[in-house]
Every structure is written in C-alpha cells, then in structure tokens.
Amino acid sequence: MPLEHKPSELGTNITQRPPETYINLNTLSNNVLLEKDFLSEIIALFEDRKQAIFYGPPGTGKTYVARELAKYLTRKAPLGNGISPWLVEPVFWLMLSTEQRQYASNKIYDDVESSYYSWDSTVPNHEQVAAGDIIIIWDKKQLVGISVITSITTEETEKERGRCPECQSTKFKARISLQPKFKCFNCGHEFSEPTTEWIDVTAYRGYYSEHWISL
C-alpha cells in the first residue's frame, strides 16, 4: 500500500495583522480606494464564475485588493450558530494540496480538496485550526481554492507510520522507477521497505464545502 508523509507542519498561518471589520461595501471601498460600483462588479464575477483575475504593473495593489476582497466576502459566511466569523479577527491557513504531500512515512489521507482536509495530532498546529478560519489550498505553484471551515470533527484512532531503517527519520519518499523503492531525505539511505510502527493519534477533519471557491 502506498505511504505518504504529512507536511512537517499542518499549515502556515498567514495572518499578518488584525484586519478591519468590514460592515458594508462603503467601508471596503474606502479602504482599498476603489469605486463601490467597480467592487460590486468583481463580487458579481465571484458569484457567477467563482474567480477573477487582477492584472497590472507591479506595486499597484493587486494582492492587497484581492486579500481585502477575500476578507469582505468570507466574513459574510455564517457558521452553524448563525454568527458570522468575520465580525471578529480572521485566521488564514495555507495548506498543501493532497498531491503535494507525497512523503512516504504515513498512509495517504483521503482529502477532497473542495470539501474537507484531514490531519492528525502528529503535526504541529493540529489543535490551532478552528471553525471560522479561512483555509487556502495550494499546490506549490498556484492557489487551488479558498473557503471557510464550518466544522471540525475529531476521532481517537491508530495510524501506521513508517521510518527510515537507518536513521529512523520519517522524511522519506517512494520512487516511481528507481530501486530500492524508498530514499530517506534525512540521511540519504535507500531501502526496499520502511520500518513501521502503530501509534495512537487524534484524527481531525475540517469541512468547508459550503463556501468553497476554486481559483
């Protein structure tokens, strides 16, 4: 059975500063210095096509406007208790897509990029992600999608974890054509099968399909 290693961290918290609380479109317009009608057109594009492209010379504020729009749009996404999470300070998480988590020390997670993301208690930050946080999925080249986590489930379970037979590191990867099949990125050792162990973990799954936007 193919094995996979979860990234060394669950995700990167990319919250840079406490954002403004956008009560209405006028406030957003004043903050990004763009006409309200223009912003309304962009928002309509998101509702129709789920994406928009900003282009122009460097340093003109494309990234800033995109981030402020994301905060404005996602602050309107209600949680199950009917409270909008973006009337308080939001938290952003940048997560690797399933295809990019190709280390071999753990079994593959069954993530569905547009619906839910899985992790467990062996990774840093595992308890920090919360309902109401913004999740951004990327594949190391471009952003895949963005959403708001609406709920998180937990389960006490066991998982099989592999280690390099030479140095006991979990940082190794299965190779497609070369033999031996596995190579350790920590010590360089090549081997046919990893040493395996069963460990107790808390498994987490964050759900966000309701507000998913493909980018």
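## Sheet

In this predicted model, strand S9 and strand S10 (residues 182-184) run antiparallel and are joined by 3 bridges. Phe172 has Cys184 in S10 as its bridge partner.

These strands belong to an open sheet of 3 strands, ordered S9-S10-S11 with antiparallel pairing. Strand S9 (172-174) and strand S11 (190-191) are the edge strands, each pairing on one side only.

The structure contains 4 salt bridges. In one of them, Lys159 pairs with Asp120, and the closest N and O atoms are 2.9 Å apart. Because Lys159 belongs to strand S8 (residues 151-163) and Asp120 to strand S5 (residues 116-120), this pair ties together parts that are 39 residues apart in sequence. Both Lys159 and Asp120 are buried.

Glu197 forms a salt bridge with Arg163, with 2.9 Å between the closest N and O atoms. Glu197 lies in strand S12 (residues 195-207) and Arg163 in strand S8, so the pair ties together parts that are 34 residues apart in sequence. Glu197 is partly exposed, at 27% relative accessibility, and Arg163 is partly exposed with a relative accessible area of 21%. A network of salt bridges links Arg161, Arg163 and Glu197.

Glu190 forms a salt bridge with Arg175, the closest N and O atoms lying 3.3 Å apart. This pair links distant parts of the chain, 15 residues apart: Glu190 is in strand S11 and Arg175 in the loop between S9 and S10. Glu190 counts as partly exposed because its relative accessibility is 36%, whereas Arg175, at 18% relative accessibility, counts as buried.

Definitions and conventions. Residues numbered from 1 in each chain as written. Predicted model: local features only at pLDDT ≥ 70, side-chain atom pairs only at ≥ 80, totals over all residues. Heavy atoms only, no water. Pairing = 2+ DSSP bridges. Helix = DSSP H or I, 4+ residues; strand = E, 2+ residues; numbered from the N terminus. Salt bridge = Lys/Arg side-chain N within 4 Å of Asp/Glu carboxyl O. Buried < 20%, exposed > 50% of the residue type's maximum accessible area, 1.4 Å probe, protein only.
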